[in-house]
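Subject: Structure handover

Hello,

Here is the structure we discussed. My notes follow below it.

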Amino acid sequence: MIANIVKPGSKTRGVLNYLYGPGRANEHTDAHLVASFDDFAPDPGRDPQATLAQLTAVLDLRVKQAGDQAAAGHVWHCSIRAAPEDPVLTDEQWATIARRVLNATGIAPAGDPDACRWVAVRHAEDHIHIVATKVRADLRPPRNWNDFLRADKELVAVEKDYGLRQVPRGDRSAAKRPTRAEQEKARRTGKSRTAREDLRSTVRTAAAAATSTDELFRLLQGSGVLVDLQHFPSGDVRGYKVALAGDTNKDGQPVWYSGSTLAADLSFPKIRERLDSAGTTPVTPPAVDAWRQLAHAADRIPGLLDHSDDEAGQAHIAALSEALAALPLTAPPDVRRPLMQATVAFEPAGRSRIRADHRQAQATRRTVKAILRTPPPKDGALLVAVLDAVLLAVIAAQHWHRTRGHHQQAEAAHRTTVHVWTAYAAAAAEPLAKLRQRGDGLPRHVIDQQAAAVRRAVPDLAEQILAEPGWPALAATLHDAPATGHIAKASLLVRAVGRRELDSATSLSEVLTWRLKSLAPPASAPVQRAGVAADRSAPVAAGVTRQSPNARGRGR
């Protein structure tokens, strides 16, 4: 059940005209009162003798008596909507809910004879509108400060009392939604997204790629975005505004958006804080190293979330959000679209009311910037290994948010898993087919050697792995181990198994194939070998995927 309190107005009759009228698309039916401040207010919907003018006069009585003392925005308008799956409530139930909300917000406290005048109108099965005039009988304004949060808190109790769907609540960290005018403008111009949404994605991606604020603004300008910088008297940058080329107002001027109006974490101070924590020197290791480092970094996130304090955990999730923003820029075309969808879906999950300690995630953030400065690896299996790790990290982020009551962030992370899985499946198809083909062509004695390594490393799972369709791909990957400088095969398999639980995986061989690909240290990469050693000491989040039954059965 959701409350929506609109900006206070001054025309009571105008609001009533809308509530008792046909609606914007003739969706209003049987408009009538379900309750009022004294239960005797005239109801133009059910009483043929009652008029909207009479109802307006009743509600505005105290406003007229107050005269100039009445506030300019004295009309309080709140809609309350049930979830689509909720049962249809009776008028009496809606009346009780209206009184509870009015009491909670301070508009009409229960038992207060001087409370504001109000009515509750129903013109659909699933919602009501409450209209009140904010002048009490003693001609003072009501104490309705923070009314939305208090109404929302009361509706949480209503959902429990009536057995309704418990709607996920936000923590006021969500980005501002496009206005109706912005949405209509996008439709008129044939665009699927508003300028605000496009700019939010562009700035977020540029921030993930940049190593300094100067580079951030160069990247934005290079992508065709108009940038307007604000400066302190000292000349230092104070903030920035962005606009899309061609997006103008009625006067032909660009429609500007400050970073903080795009999203709280895109304000100039927030972006500068993240960039400063990552350092300003671009790191450009060889492409293979960069992608393996990203796989390692993402792979460690579930364990870090389990064993870090909240400030560090939020930082790792913010870095994961940057990784998702960067991946579409380097991914092949058939994977790019679901990754872009994943970026948009995860955006609300990348922040919360917990202040992130970005110093804790600087290594991950540097790795993200590194892959944007190197060509994509020719080996598609490395991308699959990264997506495998990112998928588990997103599931871990979902669990992290849920256990802290961040319901909207948890929902956003859950939606993201669908898109990351789609990208994973698309990216894995060709490399897996090639590996299977190579595995099928291996001599019998070579396959037996790889099977022996599996039996030594994971005796309890060996027979299941050897019977899976993905076994030839794993056998080929194991066979390649000596040529790419692997440590002992059995030891490598033990490490691959230890990097995540396997109970929820529907294909153990596929999971181990990508894990081995990400573990493979290039022969001439001492930095990467150090990274592997560091990863060995990282905490393992056993059971992270088990916490999310929605991740089951997706072929992993």
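In what order do the three strands of the open sheet come, and is the pairing parallel or antiparallel? The order is S6-S7-S8, and the pairing is antiparallel. Before the rest, please note that this is a predicted model.

**Overall picture**

The protein chain has 21 helices and eight strands. Of its 556 residues, 53% are buried. Take the contacts with a separation of 6 or more: 72% of them join residues 24 or more positions apart. The chain exposes about 25,400 Å². Carbon and sulfur atoms supply 52% of that area.

**Confidence**

The mean pLDDT of the chain is 86. A value of 70 or more is reached by 87% of the residues. Residues 483-487 have pLDDT below 50. That stretch makes 12 contacts in the model beyond near neighbours in sequence. Residues 522-556 also stay under 50. For these, the model has 76 contacts beyond four places in sequence. Where pLDDT is low, the predicted coordinates should not be read in detail.

**The three-stranded sheet**

Back to S6-S7-S8. Its edge strands are S6 (225-231) and S8 (257-258), and each pairs on one side only. S6 pairs with S7 (residues 237-244) over seven bridges, in the antiparallel sense. Within S7, Tyr-240 stands opposite Leu-229.

Two helices lie across these strands. Helix H6 (residues 195-209) lies across S6, S7 and S8. H6 runs at about 125° to S7. Helix H7 (residues 213-222) lies across S6 and S7. H7 runs at about 150° to S6.

Gly-239 is a residue of S7. Is Gly-239 buried or exposed? Its relative accessible area is 10%, under the 20% cut-off, so Gly-239 is buried. Leaving aside neighbours within four places in sequence, Gly-239 is in contact with Asp-228, Leu-229, Gln-230 and Phe-268. Gly-239 and Asp-228 are 11 residues apart in sequence. Their C-alpha atoms are 8.7 Å apart.

**Aromatic rings**

How many aromatic pairs are there? The count comes to three.

Phe-217 is buried at 5% relative accessibility, and Phe-268 is buried at 6%. Phe-217 and Phe-268 form one aromatic cluster with Tyr-240. Tyr-240 is the S7 residue opposite Leu-229.

**The five-stranded sheet**

The order is S1-S3-S5-S4-S2, with antiparallel pairing. S1 (2-5) and S2 (32-36) are the edge strands, each pairing on one side only. From one strand to the next, the twist averages 25°.

The pairings run as follows:

- S1 and S3 (residues 75-81) run antiparallel and are joined by four bridges. Ile-2 has Arg-81 in S3 as its bridge partner.
- S2 and S4 pair in the antiparallel sense over four bridges. Ser-36 has Val-119 in S4 as its bridge partner.
- S4 and S5 pair in the antiparallel sense over five bridges. Trp-118 has Ala-132 in S5 as its bridge partner. A hairpin of four residues joins S4 to S5.

Why is S4 described as largely enclosed by the rest of the structure? Because six of its six residues are buried. Arg-117, Val-119 and Val-121 point one way from S4. Trp-118, Ala-120 and Arg-122 point the other way. Both arginines, Arg-117 and Arg-122, are among the buried residues.

Helix H1 (residues 12-20) lies across S2, S3, S4 (117-122) and S5 (127-133). H1 runs at about 165° to S5. Helix H2 (residues 52-66) lies across S4 and S5, running at about 150° to S4.

Best regards

Methods: Residues are numbered from 1 along each chain as its sequence is written. This is a predicted model: local features need pLDDT of at least 70, side-chain atom pairs count only at pLDDT 80 or more; totals for chains, interfaces and linings use all residues. Side-chain values use heavy atoms; hydrogens and water are left out. Two strands pair if DSSP finds at least two bridges between them. Contact means heavy atoms within 4.5 Å. Axes are lines fitted to C-alpha atoms, for helices over the stretch in contact, and angles run from 0 to 180 degrees between N-to-C directions. Rings of Phe, Tyr and Trp (its six-membered ring) pair if their centres lie within 6.5 Å; planes under 30 degrees apart count as stacked, over 60 as edge-to-face and the rest as tilted. Buried means under 20% relative accessible area, exposed over 50%, partly exposed in between (1.4 Å probe, protein chains only). pLDDT is the predictor's confidence in each residue, from 0 to 100. Accessible areas come from the Shrake-Rupley method with a 1.4 Å probe; for residues, only the protein chains shown count as cover.
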